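Could you walk me through this model in the viewer, one selection at a time? I would like to know what to click on and what I will find there.

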Protein chains: 2
Amino acid sequence: MIYNKIMKKRVIIMPKEGILDPQGRALKDVLNEAGFDIKDVRIGKIVEIEADSLENLQKMVEDYIINPLIEDYEVL
Amino acid sequence: MIYNKIMKKRVIIMPKEGILDPQGRALKDVLNEAGFDIKDVRIGKIVEIEADSLENLQKMVEDYIINPLIEDYEVL
């Protein structure tokens, strides 16, 4: 019997440099008003997902999860 | 002149174990229909933020960013 090796991975998805991040901007404003001297906040998504190969993981991420026009991703 | 040491940190925010994650569930269904045999997907947020101390970072995260009833966080 053959078992595929399943790996659990974290994929980080961030807005590309230069793309507006209104959620991050709103959080920055809240923190500034609360007295924290923060210059920049970026908010992204993290997806915890199983895959049996890095190739399948990349296919899932690139075809179904990210919008490559506005998002970059990295696998942790 | 004194410069504070600014550190840029990533904070990962995930739904607590046992808390429904409808976004993750929806993505799992899409991937299953596309032919990927995925058992579980969890989706969280990642916040890239500057702080001058771990203490300030924790305060910002716990007081302004997470909902501790339904979310856990970790600092990368």
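**A tour of the interface**

Start by selecting Arg10(A) and Glu74(B): in this predicted model the two form a salt bridge, with their closest N and O atoms 2.8 Å apart. The count of salt bridges between chain A and chain B is two, so keep this pair on display as a landmark.

Next, colour the side of chain A that touches chain B. Which elements of chain A give two or more residues to that side? They are β1 (7-15), α1 (22-33), β2 (41-51) and α2 (54-65) of chain A. With 10 residues, β2(A) gives the most. If you now colour this side of chain A by residue class, you will find 17 nonpolar, nine charged and three polar residues.

Now zoom in on β2(A) and show residues 41-51 of chain B as well, which make up strand β2 of that chain. The two strands pair in the antiparallel sense, over nine bridges. For one place to look, select Ile46(A): its bridge partner in β2(B) is Gly44(B).

Finally, zoom out and show both chains together. How many residues of each chain are in contact with the other? On chain A there are 29, and they meet 29 on chain B. Between them the chains bury about 2,500 Å², and 67% of that area is on carbon and sulfur atoms.

Conventions. Residues are numbered from 1 along each chain as its sequence is written. Chains are lettered from A and ligands numbered from 1 in the order in which they are written. This is a predicted model: local features need pLDDT of at least 70, side-chain atom pairs count only at pLDDT 80 or more; totals for chains, interfaces and linings use all residues. Side-chain values use heavy atoms; hydrogens and water are left out. Contact means heavy atoms within 4.5 Å. Buried area is the accessible area (1.4 Å probe) that two parts lose on being put together, summed over both. A salt bridge is a side-chain nitrogen of Lys or Arg within 4 Å of a carboxyl oxygen of Asp or Glu. Helices (H or I, at least four residues) and strands (E, at least two) are DSSP runs, numbered from the N terminus. Ala, Val, Leu, Ile, Met, Phe, Trp, Tyr, Cys and Pro count as nonpolar, Asp, Glu, Lys and Arg as charged, and the others, Gly among them, as polar. Two strands pair if DSSP finds at least two bridges between them.
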